[in-house]
Amino acid sequence: MNIILIGPPGAGKGTQARILEEERGMVQLSTGDMLREARTSGTELGKKVADIMDSGGLVTDDIVVGLIDEKLQSVNGDGFIFDGFPRTLTQAAALDDLLKANKKELGAVVEMQVDDDALVARITARSTCANCGEVYNDITRPIPDDGRCSTCGASDFRRRADDNEESLRTRLMEYYKKTAPLIGYYFHAGLLKPVNGLGEIDDVKGEIAASLGA
């Protein structure tokens, strides 16, 4: 099954994508990861990405679709997880065409719903392991007492500069402006599966499993 994870910054899409990868053998297609990988790949498409990013420009939809197309054709897995794409109706239509060309289809669009105030409180308490990227939270998942990451053992933790209330509310507003039409688009297509994005990790995992019929 191929799915899209939709949710505002900090809703836990990355965490749930990793769980789906580990437990179901699915492959996460994160646009951010793909762009970073392409930038250093040495391919013609990768060189275009590097030139654009180095000049401070915005990578076009056509290039992102091209990167996704490469992944669809070269990576094997028990379904794909689209994270960070599509963000607009134009991108959604492009993804529909791309999946059709690759003889694939979407099985579900999981919308991770949140309460904005609760999300702000959670994200402003967030720290990340500088070595492996594991996420911790002062309230819900504190850094271990020994000061070391439970995943890799590193002791360097950082907070994102934009994980403050003003920046986060700006990012939330931008998300809702761009994503609201997508929610209606996929609801109309009968694919939208809302879940509570602010529950405990295992609870959200269970809701997603139920929404996917397993």
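Where is the place of Lys103? Lys103 sits in the loop between helix 5 and strand 4 (106-113); helices (H or I, at least four residues) and strands (E, at least two) are DSSP runs numbered from the N terminus. The structure is a predicted model, in which local features need pLDDT of at least 70 and side-chain atom pairs count only at pLDDT 80 or more, while totals for chains, interfaces and linings use all residues. Residues are numbered from 1 along each chain as its sequence is written, and side-chain values use heavy atoms, with hydrogens and water left out.

Some backbone details make a friendly starting point. Most residues other than glycine have a negative phi, and most peptide bonds are trans. Lys103 is not a glycine, yet its phi is positive, about 55°. With 79% relative accessibility, Lys103 counts as exposed; the cut-offs are under 20% relative accessible area for buried, over 50% for exposed, and partly exposed in between (1.4 Å probe, protein chains only). The peptide bond from Phe85 to Pro86 is cis, with omega near 5°. Pro86 belongs to the loop between strand 3 and helix 5 (89-101). A positive phi, near 80°, is also found at Gly56, which follows helix 3.

Helix 3 itself (residues 44-54) has Leu45, Gly46, Val49 and Ala50 as its buried residues. These residues lie on the same side of helix 3 because they cover an arc of only 140° around the axis, the arc being that of the directions from the helix axis to the C-beta atoms. On the face turned away from this buried side, helix 3 carries the exposed residues Glu44, Lys48, Asp51 and Asp54. The cover over the buried residues of helix 3 includes helix 2 (31-39) and helix 4 (61-74).

The packing of these helices can be looked at in turn. Two packed helices are described by the angle between their axes and the distance between the axes. Here the axes are lines fitted to C-alpha atoms, for helices over the stretch in contact, and angles run from 0 to 180 degrees between N-to-C directions. Helix 2 packs against helix 3 at an angle of about 105°, with the axes 7 Å apart. Helix 2 and helix 3 are therefore roughly perpendicular to each other, on a scale where angles under 35 degrees count as roughly parallel, over 145 as roughly antiparallel, 65 to 115 as roughly perpendicular and the rest as oblique. Leu35, Ala38 and Arg39 of helix 2 meet Gly46, Val49, Ala50, Met53 and Asp54 of helix 3, where contact means heavy atoms within 4.5 Å.

Helix 2 also packs against helix 4, at an angle of about 90° and with the axes 10 Å apart. Helix 2 and helix 4 are therefore roughly perpendicular to each other. Thr31, Met34, Leu35, Glu37 and Ala38 of helix 2 make this contact with Val64, Leu67, Ile68 and Lys71 of helix 4.

Turning to the strands, strand 2 (residues 27-30) points Val27 and Leu29 one way and Gln28 and Ser30 the other way, and all are buried. Strand 2 runs parallel to strand 3 (residues 80-83), and four bridges join them; two strands pair if DSSP finds at least two bridges between them. Among the residues involved, Leu29 has Phe82 of strand 3 as its bridge partner.

An open sheet of three strands, in the order 6-5-7, shows antiparallel pairing. Strand 6 (135-137) and strand 7 (157-158) stand at the edges with a single partner strand each, so one side of each is left without a neighbour in the sheet. Three bridges link strand 5 (residues 126-129) to strand 6 in the antiparallel sense, and Arg126 has Asn137 in strand 6 as its bridge partner.

The structure holds three aromatic pairs. Rings of Phe, Tyr and Trp (its six-membered ring) pair if their centres lie within 6.5 Å; planes under 30 degrees apart count as stacked, over 60 as edge-to-face and the rest as tilted. One of the pairs joins Tyr175 and Tyr176 edge-to-face, at 5.1 Å centre to centre and 65° between the planes. Tyr175 counts as buried at 12% relative accessibility, whereas Tyr176, at 32%, counts as partly exposed. Tyr185 and Tyr186 also form an edge-to-face pair, at 5.0 Å centre to centre and 85° between the planes. In this pair Tyr185 is partly exposed at 29% relative accessibility, and Tyr186 is buried at 1%.
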